[in-house]
Amino acid sequence: MRAILAERYGGPEVLRLAELPKPVPADNQVLIRIHATVATPPDCAYRKADPFIVRFFAGFIRPKNQVLGDSLSGVIEAVGKDVTRFKPGDEVFGATCEVLGAYAEYITLCENGALAKKPEGISHGEAAGLAEGFLTAMPFMRDHGRVEPGKTVLINGASGNVGSLAVQIAKRLGAEVTGVCSGRNTDMVLGLGADRVIDYTKQDFTLGAGRYDVIFDAVGKSSFGHCRPVLNRQGVYLTTVPTLSAVTRMLMGRILGGKGKRAIFAPTGLRKPHEKAKDLRLLADWAEAGAIRLIIDRRYPLADMAKAHAYVDTGRKRGSVVIEVVESLEQAQAAH
Ligand SMILES: NC(=O)c1ccc[n+]([C@@H]2O[C@H](COP(=O)([O-])OP(=O)(O)OC[C@H]3O[C@@H](n4cnc5c(N)ncnc54)[C@H](OP(=O)(O)O)[C@@H]3O)[C@@H](O)[C@H]2O)c1
């Protein structure tokens with residue numbers, strides 16, 4: 001099968017197309033023909049080993065799992081003899097969790113992993129991107145932010161994949177939502193349902209008149225210290241990025257008993273597979289009801305993964321960068 005290998009840490013050029021043996025499912029596993037995956041900032045962090053801490057769990061000198069990629073959507077091709085939840089032909093989507101390996105034509109995953117039936121009526125690319133953003137944004141909004149009707153929520157980085165899904169989730173949970181993005185993305189974020197938008201190139205939300213119960217820094221560009229003045233009493237600052245100040249503040253909050261304004265960083269990628277599977281089923285319901293959608297910025301064929309990573313590295317993508325592993329004839333002709 002074709003796969004993208006990262007045999008060392010470095011720039012996008014370390015990613016190369018290779019032929020690997022097709023995996024065989026164990027008794028409790030399914031074999032998935034991957035149709036689409038996504039190129040994401042966490043994938044780039046694994047590729048670069050940046051931040052350095054990545055090396056402690058991904059391999060100190062070189063990557064232990066040389067096929068990167070977490071989110072996927074595809075079709076089950078075969079199942080092990082003990083598998084009862086899925087059958088060949090089922091369309092599924094989900095996350096590989098710590099084993100990675102979605103940058104390939106095939107993968108084997110446990111049937112009890114972070115997998116669910118793909119929502120009907122959306123493409124594999126949309127399903128893979130939704131899985132990535134939702135499995136990150138949902139735990140922040142629901143579990144850490146306790147977003148509910150009447151709460152005021154600000155999403156910093158509302159034009160990224162995590163932020164654009166957080167806007168839609170917070171609205172669906174009943175909050176009043178302010179999105180922070182640049183002027184070129186204002187209409188897009190309003191179109192996702194945000195009640196108002198702040199253009200960060202013109203106005204610093206931490207100096208404005210708005211006050212918030214939850215500030216979700218989806219791109220980790222602000223800090224608890226800066227956001228503190230615009231948090232309501234008992235307000236919470238959530239961040240996807242484990243900066244020293246956020247982690248220190250989080251530990252201090254625990255020592256002080258969690259009273260007052262708090263900061264929370266959560267490694268949502270490390271949640272248990274069965275928790276992710278439950279959220280994927282919820283996501284599928286929302287997607288089928290048309291209550292949540294993916295913004296797709298660009299699409300690349302699998303062979304162009306290095307180009308996709310170079311684009312994600314710019315930090316300017318809007319929504320998702322989808323990798324079409326099974327290319328349509330039209331896409332293949334355009335790419336080659
Ligand atoms: N904690 C976890 O377990 C976990 C899991 C998944 C992802 N993450 C992290 O979550 C972060 C977000 O991922 P993502 O895919 O949503 O990111 P992304 O799509 O790469 O974010 C890019 C977007 O951020 C906007 N942006 C850049 N600078 C900004 C600023 N100063 N203020 C507001 N917006 C700004 C850009 O808009 P403009 O071009 O208009 O500036 C662009 O649309 C990444 O750092 C990722 O590593 C963490």
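Helices (H or I, at least four residues) and strands (E, at least two) are DSSP runs, numbered from the N terminus. With that in hand, let's look at a loop, a ligand shell and a sheet. This is a predicted model, in which local features need pLDDT of at least 70, side-chain atom pairs count only at pLDDT 80 or more, and totals for chains, interfaces and linings use all residues. Residues are numbered from 1 along each chain as its sequence is written, and side-chain values use heavy atoms, with hydrogens and water left out.

**The loop between α1 and α2**

- Ala-49 sits in the loop between α1 and α2, and its phi is positive, about 55°, although Ala-49 is not a glycine.
- Pro-51 is found in the loop between α1 and α2 (54–58), and a cis peptide bond with omega of about 15° links Asp-50 to Pro-51.

**The shell around the ligand**

- There are 27 residues around the ligand, and Ser-159, Ser-182, Tyr-200, Arg-316 and Lys-317 come nearest; a residue counts as near if one of its heavy atoms lies within 4 Å of the molecule.
- The shell is made up of ten nonpolar, 13 polar and four charged residues, where Ala, Val, Leu, Ile, Met, Phe, Trp, Tyr, Cys and Pro count as nonpolar, Asp, Glu, Lys and Arg as charged, and the others, Gly among them, as polar.
- Helices α1 (41–48) and α4 (161–172) each supply at least two residues of this shell.
- The ligand lies between domain 1 (2–130 + 272–335) and domain 2 (133–269), because both give residues to the shell; the domain bounds come from an automatic or database domain assignment.

- A polar contact here is a pair of N or O atoms within 3.5 Å.
- A polar side-chain atom of Ser-182 is 2.3 Å from an oxygen atom of the ligand.
- For Asn-161, a backbone N or O atom lies 3.0 Å from a ligand oxygen atom.
- For Ala-218, a polar backbone atom is 3.4 Å from an oxygen atom of the ligand.
- Taken alone, the ligand exposes 940 Å², and the protein buries 88% of that; these accessible areas come from the Shrake-Rupley method with a 1.4 Å probe.

**The open sheet**

- Six strands form an open sheet in the order β10-β9-β8-β11-β12-β13, with parallel pairing; two strands pair if DSSP finds at least two bridges between them.
- β10 (196–199) and β13 (262–265) are at the edges with a single partner strand each, so one side of each has no neighbour in the sheet.
- β9 (residues 176–181) pairs with β10 in the parallel sense over four bridges, and Gly-179 has Val-197 in β10 as its bridge partner.

Key. A polar contact is a pair of N or O atoms within 3.5 Å; within protein, one must be able to donate a hydrogen and the other to accept it, and residues adjacent in sequence count only if both atoms are side-chain atoms.
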